[in-house]
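The following note sets out points for discussion on the structure shown below. Comments are grouped by region.

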Amino acid sequence: MGENLVIVESPAKAKTIEKFLGKGFVVKSSFGHIRDLAKKDFGVDIKNQYKPIYIVPEDKKKIVSELKKFTKSAKLIWLASDEDREGEAIAWHLSEVLGLTEENTRRIVFHEITKNAIRNAVDNPRKINYNVVQAQQARRVLDRLVGFKLSPLLWRKIKPSLSAGRVQSVAVRLLVEKEREILNFKTSSSFKVSAIFSFEDSDGKKVEIKAELSRRLKNLIEAQGFLRQCGQASYEIVRLETKSLKRSPAPPFTTSTLQQEAGRKLGFSVAQTMSVAQKLYEAGKITYMRTDSVNLSSLALNTVKKVIEGEFGSKYHQFRKYQTKTKGAQEAHEAIRPTYIENKDIDGPAAGVRLYNLIWKRTMASQMSNAEIEKTIATISISNMSDVFTATGEVIKFDGFLKLYSVTTDEDIENGSKTILPPLREGEKLNYEMITASEKFTQPPFRYSEASLVKKMEELGIGRPSTYAPTISTIQNRGYVVKEHLDGNERDIIVYELTEDKIRESKKREKYGREKSKLVPTDIGMVVNDFLIEHFKSIMDYNFTALVEKEFDEIAAGNLEWVKMIDTFYSDFHVRVEKTLKESEKTTGERVLGVDPDSGEEVLVKVGRYGPLAQLGKVREDYKPRFASLRKNQRIETISLEEALDLFKLPREIGDFEKNSMIVAISKYGPYIRHDGKFYSLTKQDDPLSINSERAIEIINTKRKEDSKKEIKIFSENKNLRILNGRWGPYISYEKKNYKIPKNYNPEELSLKDCLSIIANSKNKKSGKRKS
DNA sequence: CAGTGAGCGAGCTTCCGCTTGACTT
């Protein structure tokens, strides 16, 4: 048994470190925090100096008892949790729970998992820094106060099970404000002029260049007039400039930039990126994936240098040291990089391989030379106007890091790729081949994707690498936000083309507003957001986290008592909570749309118990209002009176079929026909308001045909039991439940008895439901 | 899979940050 017990946070880390430390050291992991505030009874004794009530959560008890066992047989305990606020707190909780003393405890830290760093740490132990622990305690208690006071307020005033918190509520606010910016956006159009010019080169060959007018034209009259003038003009290159530009690589990955690039380049969701990265980390392929640091260990820097020089030559290498600009970064780890940079490729599942390659390239590129680019700008005069055209071209003189990696931004995608210009000279006379003025509409801002929201949150210092992905799941799970593909719309744009002194007008269809996988706030998200902003402006402020972080820093530096800080915050906060509880009405986000011309009743929309709804008339003694759920793409803020009135036209009876009536309605899952106790979905092309009985019968028959194909076998003895063909192959359906058919059976040869025994067997398996 | 939305008001929900599993119906 080792004399030394080292405790780190992550089990994968423990394995590596044990190798470095060798004999006499046992390395175990705490799996993160081992204690947390109790959930019941608030977990903070507010009246008693905000005393935190800590407990060991159920799922951590086993780990704690194991650590206790190892502690007993060790002479020295080395607390090697991360060097940041949370890590310091973990060290303290460990020392409390394991009953450690100052004599048998050493606190050590390292920022990189290399032999030298760890040796160095062991040689320079210190004590637990209680100021930092207090700063963490303040952070933890503040979050509990905010979360567990605001959430119940929402249950009372809006809807049960809702939640609010320092991080999630501000994330939702970002989305709500972006959405309103888009809703309120007033689009306008102008004309963009582009031209194709030609000239003969020294060999007499015709060469074409593309150019653009440096300004937009206001409207179609101006565009027509401009082109008319162009028809009469002559053109000349009056100036030729070249500029050399340098482009530098991006720093190595942090959690947030990895999520962004994996989203853009590989189409991964934030959660997917993290789970793939976790697997790579556990397999020892990459360094830790939850980090805000762009730093690389000196060992890594040396290997990168060697690999770049070996692979591309020494002029491709450039040593660089990056600095974190992120607010509140704690830099307890390295940047995300391959553990062994010499491994360009790895084996394993495709997602892991792709993410690894991305990390490898980014790490390598971050230590490569600048790209040198020569930009050429040709200015082309128009003889009868003072306006000029410009043609720009870019030539890469030295590719440098671009050999491996380039960051694609959303703007790049919009502007298209850069062009290369043919050899040009000043004074060259040009002929126009075609000059085009096409209408361009201004565009509202893009909505946030998961990754771009993470980027924004990081900029504001809200959330941490370990919480970006969970926060994004939370706001979706609470129903504040949905991830959507927005189809966009089409519109006509006017295009004028000038060729051979003739102007031709045409109209083109243009798609716009199409967005893939974007986060869109729901009605409930908006109502909750507005409520919180009205009553808790300071907590919803984008700077709130930054402000309290400053105070946490003061606590960590020993200049401020944590209880004092919390008390200052709470005394004001508490008053607001109580006031809101007493004074504010139940909030539904109600909006009155107008009056129904048929009934004379008022039409309104609001958030109800089960989501957004339209209501016809208010409750009176002699009148019960009608209700209808809003459809998926309808929003309280934008729905019109006409659209709301249409909702009350359903359910609709559209005739009989086989002596049973057919009723059309819309449910949570979309429009359907109900007939003889069965349900048939309408297709996207069918409009529930106008569908006729003929089409409805067609749908019913199609569905019946498909269903019969699904049946592999039925038993006349027991009609409840059927063998069906599903998405994942054959299965048994019995009394509304489905059962998997074990692989060694042939589904077509199963007897009723076989089926029942399969069902009995699968029922015997424990249905392990767990409380969390 | 396929609605619901008045009122008795039980008993439940909830935060942020550290970590990794349990699972596939």
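A term is needed first: a cavity here is a set of grid points, taken over the protein atoms alone, where a 1.4 Å probe fits but cannot get out, and its lining residues have an atom within 4 Å of a point.

1. The mean pLDDT of chain A is 91, and 96% of its residues reach 70 or more. Two stretches call for caution. Over residues 411-417 pLDDT stays under 50, and the model has 3 contacts for them beyond four places in sequence. Over residues 765-772 pLDDT likewise stays under 50, and here the model has 0 contacts beyond four places in sequence. Where pLDDT is low, the predicted coordinates should not be read in detail.

2. The largest cavity. The count comes to 2 cavities of 30 Å³ or more. The volume of the largest cavity is about 80 Å³. Which residues lie nearest its centre? They are Lys327, Gly328, Gly461, Gly463 and Arg464, from a lining of 14 residues. Sorted by class, this lining has 4 nonpolar, 5 polar and 5 charged residues.

3. The second largest cavity. This cavity has a volume of about 50 Å³. Its lining consists of Ser163, Gln168, Ser169, Val172, Tyr480, Gly525, Val528, Asn529, Leu532 and Met540. The most comes from α15, with 4 residues. The lining has 5 nonpolar and 5 polar residues, and no charged residues. In the largest cavity, by contrast, 5 charged residues belong to the lining.

4. The parallel sheet. An open sheet of 4 strands, paired in parallel, has the order β2-β1-β7-β8. Because β2 (25-29) and β8 (105-107) stand at the edges with a single partner strand each, one side of each is left without a neighbour in the sheet. From one strand to the next, the twist averages 20 degrees. Helix α2 (residues 61-72) packs on this sheet and touches β1 (4-8), β2 and β7. The direction of α2 makes about 165 degrees with that of β2. Strand β7 (residues 76-79) pairs with β8 in the parallel sense over 3 bridges, and Trp78 stands opposite Arg106 in β8.

5. The antiparallel sheet. Another open sheet has 4 strands in the order β19-β20-β21-β22, with antiparallel pairing. Which strands form its edges? They are β19 (591-595) and β22 (626-629), each of which pairs on one side only. The twist averages 25 degrees from one strand to the next. Strand β21 (residues 611-616) is joined to β22 by 4 bridges in the antiparallel sense, and the bridge partner of Ala614 in β22 is Ala628.

6. Strands β14, β16 and β17. Strand β16 (residues 489-499) runs antiparallel to strand β14 (residues 429-441), to which 4 bridges join it. Ile435 stands opposite Leu498 in β16. The pairing of β16 with strand β17 (residues 502-512) is also antiparallel, over 11 bridges; here Glu497 has Arg504 in β17 as its bridge partner. How many residues lie between β16 and β17 in their hairpin? There are 2, and Glu500 in the turn has a positive phi of about 45 degrees.

7. Strands β23 (residues 652-657) and β24 (residues 660-667) run antiparallel and are joined by 4 bridges. The bridge partner of Phe657 in β24 is Asn660. The two strands form a hairpin with 2 residues between them, and Glu658 in the turn has a positive phi of about 50 degrees. The loop between α19 (641-647) and β23 contains Pro651. The peptide bond from Leu650 to Pro651 is cis, with omega near -5 degrees.

8. A further backbone point. Tyr50 is found in the loop between β4 (44-45) and β5 (51-52). Its phi is near 55 degrees, a positive value in a residue other than glycine.

Notes
Residues are numbered from 1 along each chain as its sequence is written. Chains are lettered from A and ligands numbered from 1 in the order in which they are written. This is a predicted model: local features need pLDDT of at least 70, side-chain atom pairs count only at pLDDT 80 or more; totals for chains, interfaces and linings use all residues. Side-chain values use heavy atoms; hydrogens and water are left out. pLDDT is the predictor's confidence in each residue, from 0 to 100. Contact means heavy atoms within 4.5 Å. Two strands pair if DSSP finds at least two bridges between them. Axes are lines fitted to C-alpha atoms, for helices over the stretch in contact, and angles run from 0 to 180 degrees between N-to-C directions. On a 1 Å grid over the protein atoms alone, a cavity is a set of points where a 1.4 Å probe fits but cannot get out, and a pocket is an open set with protein on both sides within 12 Å along at least five of seven lines; lining residues have an atom within 4 Å of a point. Grid points are joined across faces, edges and corners, and a volume is the space filled by probe spheres set on the points. Ala, Val, Leu, Ile, Met, Phe, Trp, Tyr, Cys and Pro count as nonpolar, Asp, Glu, Lys and Arg as charged, and the others, Gly among them, as polar.
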